[in-house]
Amino acid sequence: MDQLFKSLPDIIKAAAQSQLGILALLVVALSILAYVFFAKATVNVRVGIFVLLFAGVVGSASRCFVHWMPTCHRRRVPAHRRVVYRRRARALLTAAAADPGGYVLYEKFGASVDLHTNGVSL
């Protein structure tokens with residue numbers, strides 16, 4: 001138990017690196033607190049507390065995932081631009097199909113983006 005308390009700051013630091021780590025830390029902390037506070041309660045009280053904690057964690061997780069997910073807005077693209085996009089998409093897919101591994105490499109340099117496949121920069 002002493003080892004756990006010594007490594008607790010490292011565990012928290014590692015969990016804080018990602019959203020899922022924070023959510024997992026929240027679940028573990030709530031589980032420990034629920035056990036400490038309600039270990040000697042009746043079965044009905046424990047089930048009720050479990051349902052409430054579970055609903056709280058699910059609500060928090062769903063709200064966090066909605067917040068973390070990128071918003072996808074479909075823009076209206078003029079018809080002449082759609083033709084250009086279709087040509088570019090067709091060229092990308094054709095080159096990727098010709099690649100032995102079928103890989104497309106996406107590179108971002110500052111404000112510019114570069115796509116590579118089959119030894120060709122698109």
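These questions and answers walk through aromatic residues, a surface patch, a pocket and a loop in a predicted model.
Local features need pLDDT of at least 70, side-chain atom pairs count only at pLDDT 80 or more, and totals for chains, interfaces and linings use all residues. Residues are numbered from 1 along each chain as its sequence is written, and side-chain values use heavy atoms, with hydrogens and water left out.

Trainee: Is Phe37 buried, partly exposed or exposed?
Mentor: Phe37 sits in helix H2 (residues 19-38). Helices are DSSP runs (H or I, at least four residues), numbered from the N terminus. Buried means under 20% relative accessible area, exposed over 50%, and partly exposed in between (1.4 Å probe, protein chains only). Because its relative accessibility is 59%, Phe37 counts as exposed.

Trainee: What is the area of the nonpolar surface patch that includes Phe37?
Mentor: Nonpolar side chains (Val, Leu, Ile, Met, Phe, Trp, Tyr) are joined within 5 Å, and like charges within 9 Å. Accessible areas come from the Shrake-Rupley method with a 1.4 Å probe. Val28, Ile32, Leu33, Tyr35, Val36 and Phe37 make a patch of about 670 Å².

Trainee: How many aromatic pairs are there in the whole structure?
Mentor: Rings of Phe, Tyr and Trp (its six-membered ring) pair if their centres lie within 6.5 Å. A search of the whole structure gives 2.

Trainee: Which geometry do Phe37 and Phe38 show?
Mentor: Planes under 30 degrees apart count as stacked, over 60 as edge-to-face and the rest as tilted. The centres of Phe37 and Phe38 are 6.5 Å apart, with 70° between the planes. That pair is edge-to-face.

Trainee: Which elements give two or more residues to the lining of the largest pocket?
Mentor: A pocket is an open set of points on a 1 Å grid where a 1.4 Å probe fits, with protein on both sides within 12 Å along at least five of seven lines; lining residues have an atom within 4 Å of a point. This one is lined by 13 residues, with Leu30, Ser31, Ala34, Phe50 and Leu53 nearest its centre. The elements are H2 and H3.

Trainee: What separates the C-alpha atoms of Pro100 and Asn118?
Mentor: Pro100 is in the loop between helix H4 (79-98) and strand E1 (105-109); strands are DSSP runs (E, at least two). Pro100 and Asn118 are 18 residues apart along the chain. Their C-alpha separation is 7.4 Å.

Methods
Patches are made of residues with over 30% relative accessible area and no salt bridge: like charges are joined within 9 Å, nonpolar side chains (Val, Leu, Ile, Met, Phe, Trp, Tyr) within 5 Å. A salt bridge is a side-chain nitrogen of Lys or Arg within 4 Å of a carboxyl oxygen of Asp or Glu.
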